[in-house]
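Welcome, and please open the model in your viewer. We will go from one selection to the next and look at what is there.

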Amino acid sequence: MDVILSNLALGLQVALQPINIFWVTLGGLLGTIIGMLPGLGPATGVAVLLPLTFTMGPVGALITMAGVYYGAMFGGSRSSILINTPGDGAAIASTFDGYPMAMQGRAEAALAISAIASFIGGMIATVVMIFTAVPVARFAIKFGPAEYFLLMVFALSATAAMAKTNMVKSFISLFLGLMVSTVGLDAQSGVSRFTFGILELQGGIDFLIIILGIYALGEVFKSFRMIHEGIRKVQTKFGRIWITKEDWKRSWLPILRSTPLGFFVGVLPGAGGTMAALMAYNNEKNLSKHPEEFGKGAIEGLAAPEAANNACSVGALIPMMTLGIPGSGTTAVMMGALLMLGLQPGPLLFEKHPDIAWGMIASMIIGNIVCVIINLPLAKLLVRVLSVPARYLFPIVLGLAFIGTYAIENLATDLFIMIIFGLIGLFMEKANIPTSPLILAGIVGGMMEQSFRQARLISGGDWSIFWGSPICVTLIALTIASIVWPIVKEAKRKRLGN
Amino acid sequence: MTINVVTGILAFLLGVGYSYLAWTLPRATVGNPLAPLIFPLMLGGGMTLLGILLLIQEAVRASRKEGKPVSFTFTQYGKSIATVSLLCGLYAFFFERIGYLLSTFLFLSIVLYLFNGKERWKSILSISLGFSVGVYVLFGEVLSIQLPRMPFLGL
């Protein structure tokens, strides 16, 4: 307990430095704006804004990125409420009751409760994270390379199996990501793999390029049908953005119930914010005395998914920071940011760089406060961004994707690679193949292979090392369960349907 | 042919091609000579199997007459996507050759023109100019990341 408090004090010391407060505010503001724009979620936001942090030093950069991550979560629901278009997947549930509220002239209350619920959800989750991060990291230190390899296998297959589409296609996406991660010079043997003699590929394909290609470029391609739409009418005149006592009475319990739910969904690999928000929404609808009001502007139907979504985004950071294994596309991008700054997330991050690990956690508290300030009084001003028509916005996003890619290594070759991944992303969208398994596999693939080879080296080539310890057996069982469970569930559903 | 059949065939071909490339990789000179190959071979094998699995699934679905065939007609969106992809390629090609400022200004002007038409030329020019100069100054002056200069004028 004392250790945790002293760590937190260290973190707060870092986060409360004026320059770092400035960074988290800037990040929160930019993140809110990007999060609001349809199609651009936290993952794209972090990826596009990452080059801005290259000269800040690791602490400042990470704090800014945490602000962007957080801000985008807050911002995503602004557009759900006002124009019925979620800023990112996780904000879909906020359209169900948020938009009807705005239609009934209660946009102020909707904007306020979404910011308040997000704040409470994020805050409670951060406190839980403070107390759980170190024990998880300590446990993970016991993992040998074989356990680590299997942990990654589990995390990846759970992500692929959870995807709502055909599981075979999710696994194709996953394997594609792993294949991409094998391109380049093999660090252990010096063998150059799959580079086709292109010198620039020797260093491998940076996953940030994949992310920018699939999320930024791919999103623009996907959204082309929106481009010829006229200007969206956005409400820009608001009364006081706040809620009534009656609203609060209806919302506080759903917020408190949805927070732990969102947090747990976040910690699990593969589930993510969309699922957390939808689960919280359905849960409240089932518990409500007036389920018929849901979908027609029930304030608790907005409060619950908002709290769950933000709690989930904090929970999702736990496996990323303590194990080095991201559980969602967005946390994969955050991990990319860490790696870019020369920091390896994982159990040792808390031991080797406590100032950075705890500085980031503490700045989430500050970021949460900053974001609620940005989203309550400044909401009137910020929502004007929503009236920028797509035909101006998308070319600018293209420009940002290019500059972001070039700034990673100053190589023009990377621009071509990004375009290729943009087109791959577009094809995957057309073929209904989820992209998050590809992103996740692309980022952990390198480490996965290293652990695999280290394990084989330790055992002298004996494969039994992969099932030689209780942790290994548990992880294999979990992996099998994560794949079999959805199949069994689907078969059951079909049988009932017939 | 459904889009899943296309995906299945692509996955199968990718799996086989990748496995072949992996097998023909040079062997490691230190340690186990096969060490750099094993993981890629597993991936290639896995991808091949997934491709076959998807094709079998589709064959079963086709026997039940489900699924809709993929259309190869070019829609309006398809055309704009192809045009913009081509422009992206050209932009990447000229990025270092004619410098950031000029290439970005031209790229943005053309893409904005495609979506907005020439009546909005004032907004098009001001956005393209503002973005390219703004980013150039931000990166060069504030972030000290030098973007490619024009071969002439030195900007």
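Is A:Ala431 buried, exposed or partly exposed? Select it to begin: A:Ala431 is partly exposed, because 19 other C-beta atoms lie within 10 Å. Here buried means 20 or more other C-beta atoms within 10 Å of the residue's own, exposed means 12 or fewer, and partly exposed is in between, with C-beta atoms placed from the backbone.

Before moving on, note that this is a predicted model, in which local features need pLDDT of at least 70 and side-chain atom pairs count only at pLDDT 80 or more, while totals for chains, interfaces and linings use all residues. Residues are numbered from 1 along each chain as its sequence is written, and chains are lettered from A and ligands numbered from 1 in the order in which they are written.

Stay with A:Ala431, which sits in the loop between α19 and α20 (436-458) of chain A. Helices are DSSP runs (H or I, at least four residues), numbered from the N terminus. Leaving aside neighbours within four places in sequence, A:Ala431 is in contact with B:Ile3 and B:Thr7; contact means that C-beta atoms, placed from the backbone, lie within 7 Å.

Next, show both chains. In total, 45 residues of chain B are in contact with 44 residues of chain A. On the chain B side, α2(B) gives the most, with 11 residues. That side divides into 33 nonpolar residues, 11 polar and one charged. Nonpolar covers Ala, Val, Leu, Ile, Met, Phe, Trp, Tyr, Cys and Pro; charged covers Asp, Glu, Lys and Arg; the others, Gly among them, are polar.

Now select α19 (residues 413-430) of chain A together with α3(B). Their axes come within 9 Å and cross at roughly 165°, with axes fitted to C-alpha atoms over the stretch in contact and angles running from 0 to 180 degrees between N-to-C directions. The two helices are therefore roughly antiparallel, the word for angles over 145 degrees. Among the residues making the contact are A:Phe416 and A:Leu423 of α19(A) and B:Cys88 and B:Phe95 of α3(B).

Finally, stay within chain A and select α9 (residues 207-222) and α18 (residues 390-409). Their axes come within 9 Å and cross at roughly 170°, which makes α9(A) roughly antiparallel to α18(A). The contact has 12 nonpolar, two polar and no charged residues.

Definitions and conventions
Two residues are in contact if their C-beta atoms, placed from the backbone, lie within 7 Å. Angles under 35 degrees count as roughly parallel, over 145 as roughly antiparallel, 65 to 115 as roughly perpendicular and the rest as oblique.
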